[in-house]
Amino acid sequence: MAHPHETAGLTQLSLAEHAPPALDNVALDLVRRQALQQRHSTAELLWRKGLVKLLNDALATELVCVMRYKRHHFTAHGLNSPHIAEEFAVHASEEMGHADRLARRIVQLGGEPDFSPETLLQRSHAAYDATLELAAMIRANLVAERVAVEGYSQMVRLVGDRDPTTRRLLEDILADEQKHADELQGWLAD
Ligand SMILES: [Fe+2]
Ligand SMILES: [Fe+2]
């Protein structure tokens, strides 16, 4: 026979399961009262500052990736590999799109996007590469993409449920980087 508390718990669970979906009115009221006060706690401000720093490092990474892919795009043409050279250009413009979305989000969060060329490489997780051999280019890009996948995965975990808008952005970019890595891996195997 079930313990009386267990039976009560099961009844409550099934009641909750059958309850119609309803919004949390207390939370809605709180937003109504606080929507026009732009005051954030010190802890919230510190967290945002840290998040903006992470996003700025990701922005630097994307910009270095744009430059690496552009360099590879133009020099791979000389290697009689037009298909891969064209794909490097496609990746470059997708990385630029990521950079733009990160910069826009940084501004929405009250931060400043850092495009300073002086510190770009130092802040980037990925390296620049000026190799002249096609397989070496593909390998350098694959390393950069895998680093990007790891970086964005960590950022998604760090943001968690605290900022759903930033988290969705990071997850979108992560999916693109994974696709880039898969393509590069495929060309290496060819
Ligand atoms: Fe990217
Ligand atoms: Fe990428």
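Visitor: Which are the buried residues of α4?
Guide: This is a predicted model, and in it the buried residues of α4 are Ile84, Glu87, Phe88, His91, Glu95, His98, Ala99, Leu102, Ala103, Arg105 and Ile106.

Visitor: What makes a residue on that list "buried"?
Guide: The cut-off is 20 or more other C-beta atoms within 10 Å of the residue's own. What covers the buried residues of α4 includes α3, α6 and α7.

Visitor: How do you know what span to expect for α4?
Guide: At 1.5 Å a residue, 39 Å is expected for α4, which has 27 residues. From first C-alpha to last, α4 reaches 40 Å, close to that value. After α4 comes Gly110, with a positive phi near 90°.

Visitor: Which residues touch the most other members of the largest nonpolar core?
Guide: They are Leu55, Leu59, Leu102 and Leu170, out of 29 residues in that core. Two or more residues come from each of α3, α4, α6 and α7, and α3 gives the largest share, 11 residues. In general, nonpolar side chains tend to be buried together in soluble globular proteins.

Visitor: What is Leu55 in contact with, leaving aside its neighbours within four places in sequence?
Guide: Leu55 is in contact with Leu102, Arg105 and Ile106. The contact cut-off is 7 Å between C-beta atoms, so each of these partners has its C-beta within that distance of Leu55's.

Visitor: Why is the protein chain called more spread out than a compact globule?
Guide: The chain comes to seven helices and zero strands. Its radius of gyration is 23 Å, well over the 16 Å that the globule rule gives for 190 residues, so the chain is more spread out than a compact globule. Along its principal axes, the C-alpha trace spans about 75 × 50 × 25 Å. Buried residues make up 25% of the chain.

Visitor: Where does pLDDT stay under 50?
Guide: That happens over residues 1-7, for which the model has one contact beyond four places in sequence. Where pLDDT is low, the predicted coordinates should not be read in detail. For the protein chain as a whole, the mean pLDDT is 91, and 91% of the residues reach 70 or more.

Key: Residues numbered from 1 in each chain as written. Chains lettered and ligands numbered in written order. Predicted model: local features only at pLDDT ≥ 70, side-chain atom pairs only at ≥ 80, totals over all residues. pLDDT = per-residue confidence, 0-100. Contact = placed C-beta atoms within 7 Å. Core = buried A, V, L, I, M, F, W, Y, C linked by C-beta atoms within 7 Å. Buried ≥ 20, exposed ≤ 12 C-beta atoms within 10 Å, placed from the backbone. Helix = DSSP H or I, 4+ residues; strand = E, 2+ residues; numbered from the N terminus. Rg over C-alpha atoms; globule rule 2.2 N^0.38 Å. Expected span 1.5 Å × (residues − 1).
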